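Welcome! Have the sequence and the 3D view open as you read.

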Amino acid sequence: MMLVRTFFLLLACWTATGAAWSADNGQRNYERQCARCHGLTGVPVTPQTPNLAMRERMNKPDLMLLQYLKMPTATHPSFFGILNDQEILDVIRYLRVMRP
Ligand code: HEC
């Protein structure tokens, strides 16, 4: 019985740290992969780049942005093979809360 309780306690801790890590991961991957164009705070540093801090062009569902970020276009790099779906969704979640 004691062993079972310890197991659930460990599971609860593991889940909690997992969730926290995932939020940090969104910011970390944003800084590594996106900041060189979109700026550290979402205020763009390259021309023709939407201001993500002002939520420019972000009025669409997460899954549409996920598709956009996986598909190479003439104007945007693809992150397919660089970040997995979960990592891209974590970055999108970070975009939705970042402030200039
Ligand atoms: C090489 C520079 C560059 C990098 C790196 C880059 N972006 Fe972009 N991003 C752009 C430009 C330029 C546009 C506007 C493209 C256009 O008008 O077609 C854009 C557009 C966007 C949009 C608008 C999407 C839409 O549907 O219109 C989002 C969201 C976005 N980027 C997020 C990201 C994220 C998240 C990353 C990192 C994972 C990233 N970008 C990396 C330059 C970049």
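Does H3 pass H4 in a left-handed or a right-handed crossing? The crossing of H3 past H4 is right-handed. Keep in mind as you look that this is a predicted model.

Two packed helices are described by the angle between their axes and the distance between the axes. Here, the axes of H3 and H4 come within 10 Å, and they cross at roughly 120°. H3 is therefore oblique to H4. On the H3 side, the contact is made by Asp62, Leu65, Leu66 and Leu69, while H4 brings Asp85, Ile88, Leu89 and Ile92. Sorted by class, this contact of H3 with H4 has six nonpolar residues, two charged ones and no polar ones.

## Around the ligand

Now turn to the ligand, which is surrounded by 20 residues. The closest are Gln33, Cys34, Cys37, Arg57 and Thr75.

What is the make-up of the shell around the ligand by nonpolar, polar and charged residues? Eleven are nonpolar, seven are polar and two are charged.

## A look at His38

Finally, find His38 in helix H2. His38 has 21 other C-beta atoms within 10 Å, so His38 is buried; the cut-off for buried is 20 or more.

Leaving aside residues up to four places away in sequence, His38 touches Pro44, Thr49 and Leu52. Leu52 lies 14 residues from His38 along the chain, and their C-alpha atoms are separated by 7.1 Å.

Methods
Residues are numbered from 1 along each chain as its sequence is written. This is a predicted model: local features need pLDDT of at least 70, side-chain atom pairs count only at pLDDT 80 or more; totals for chains, interfaces and linings use all residues. A residue is near a molecule or strand if its C-beta atom, placed from the backbone, lies within 6 Å of it. Ala, Val, Leu, Ile, Met, Phe, Trp, Tyr, Cys and Pro count as nonpolar, Asp, Glu, Lys and Arg as charged, and the others, Gly among them, as polar. Axes are lines fitted to C-alpha atoms, for helices over the stretch in contact, and angles run from 0 to 180 degrees between N-to-C directions. Helices (H or I, at least four residues) and strands (E, at least two) are DSSP runs, numbered from the N terminus. Angles under 35 degrees count as roughly parallel, over 145 as roughly antiparallel, 65 to 115 as roughly perpendicular and the rest as oblique. A crossing is left-handed if the near helix is turned anticlockwise from the far one by less than a right angle, and right-handed if clockwise. Two residues are in contact if their C-beta atoms, placed from the backbone, lie within 7 Å. A residue is buried if 20 or more other C-beta atoms lie within 10 Å of its own, exposed if 12 or fewer, and partly exposed in between; C-beta atoms are placed from the backbone.
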